[in-house]
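Please look at the sequence and the structure below before reading on, and keep both in view as you go through the report.

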Amino acid sequence: MSKSRPQLPLTPAVFHILLALFGKERHGYDIMQQVSGDAVKMGPGTLYGSLDRMIEAGLVAKGNIQDPRRIYYRLTALGQTTLRAETERLSRAALLARRQLGSA
Amino acid sequence: MTRPARQKESRSLRLYTRLLELYPPSFLQRHRAEMLQNFADLEDAAASKAKLWLLIGKDLAMSLMSHFFGSRLGHYVIAVLVTWILIFAIGYFFYGPTPGRPALHAFAGFLPGMLAMYFATRLYGTPQNSISHFFRSRFDIYVIGVFVAWILLFVIGYYIYGPTRGHPALQVFGGFLPGMLAMYIATHVYGMP
């Protein structure tokens, strides 16, 4: 994935992690709690596998790493841009679907 | 290794610690402490052990498959499986869909053979090349244990069903050995993910 432009569409897991990190640094368990409030259930293996890929793609960075059991993660500028772009894309798709369903 | 901040480790946490060894070492180096802490937190918050292990079981299966099939070893295994399926399909079309064709049973034995060797390598490390080291490590004890169990199963099946020529038990047993061998070669050539 390019480090300068958002690559869409995102997987549901990546989208929900980005959403959980918007505006606040969070550690892994906190992210899982945030994500579990939505439709996606995520365990530690899936979460850290996704976080590794997101760090590599430049969407997320490590924040506070003092306690190795509670490493904090935060959104990068690219992560924020990608989240906004994906939200826009999903909104357009939902709008289109509503129109189609409304006309059916 | 950093342990989660708890007074006493539960049996579930000890089991999870053991299961974590199935992940690639580089991944564990980065996330072991966090994952153990997360598990401890999940366990504290879980309504029941069954729900907790349902989530963890699904998570382990999905994430391990993702790690495995993203690795060079995973690509090799896919290639071997595709080849094996092709051989099976060619045999099937040549001999027709006769029930109990050897190819079907050999194919069935091949998959658990690969899986058994993969778990052995993941849990006990890549085996030593030297013969003098074989029979000394936990890896080899595991491999021999699986072989003995497989032979026992075969012998029991053979005695129950009689020494039928071309009996499925014999062919499944035959497929298991190349399965183990294929994965053994793979782990030596490509290393573990």
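## Confidence in the model

This is a predicted model, and the predictor gives the complex an ipTM of 0.85 together with a pTM of 0.67. For chain B the average pLDDT is 75, and 65% of the residues score at least 70. Where pLDDT is low, the predicted coordinates should not be read in detail.

## Where the chains meet

The contact between the two chains draws 14 residues from chain A and 20 residues from chain B. On the side of chain B that touches chain A, α2 (25-45) and α3 (49-69) of chain B each supply at least two residues, and α3(B) gives the most, with nine residues. Sorted by class, this side of chain B consists of nine nonpolar, seven polar and four charged residues.

## Two helices within chain A

Within chain A, helix α1 (residues 12-21) packs against helix α3 (residues 44-56) at an angle of about 80°, and their axes are 10 Å apart. Angles of 65 to 115 degrees count as roughly perpendicular, so α1(A) is roughly perpendicular to α3(A).

Which residues bring α1(A) and α3(A) together? From α1(A) come A:A13, A:V14 and A:I17, and these meet A:T46, A:S50, A:L51 and A:M54 in α3(A). By class, the contact of α1(A) with α3(A) has five nonpolar and two polar residues, while no charged residues take part.

Notes: Residues numbered from 1 in each chain as written. Chains lettered and ligands numbered in written order. Predicted model: local features only at pLDDT ≥ 70, side-chain atom pairs only at ≥ 80, totals over all residues. Contact = placed C-beta atoms within 7 Å. Helix = DSSP H or I, 4+ residues; strand = E, 2+ residues; numbered from the N terminus. Nonpolar A, V, L, I, M, F, W, Y, C, P; charged D, E, K, R; others polar. Axes fitted to C-alpha atoms, helices over the stretch in contact; angles between N-to-C directions. Parallel < 35°, antiparallel > 145°, perpendicular 65-115°, else oblique. pLDDT = per-residue confidence, 0-100.
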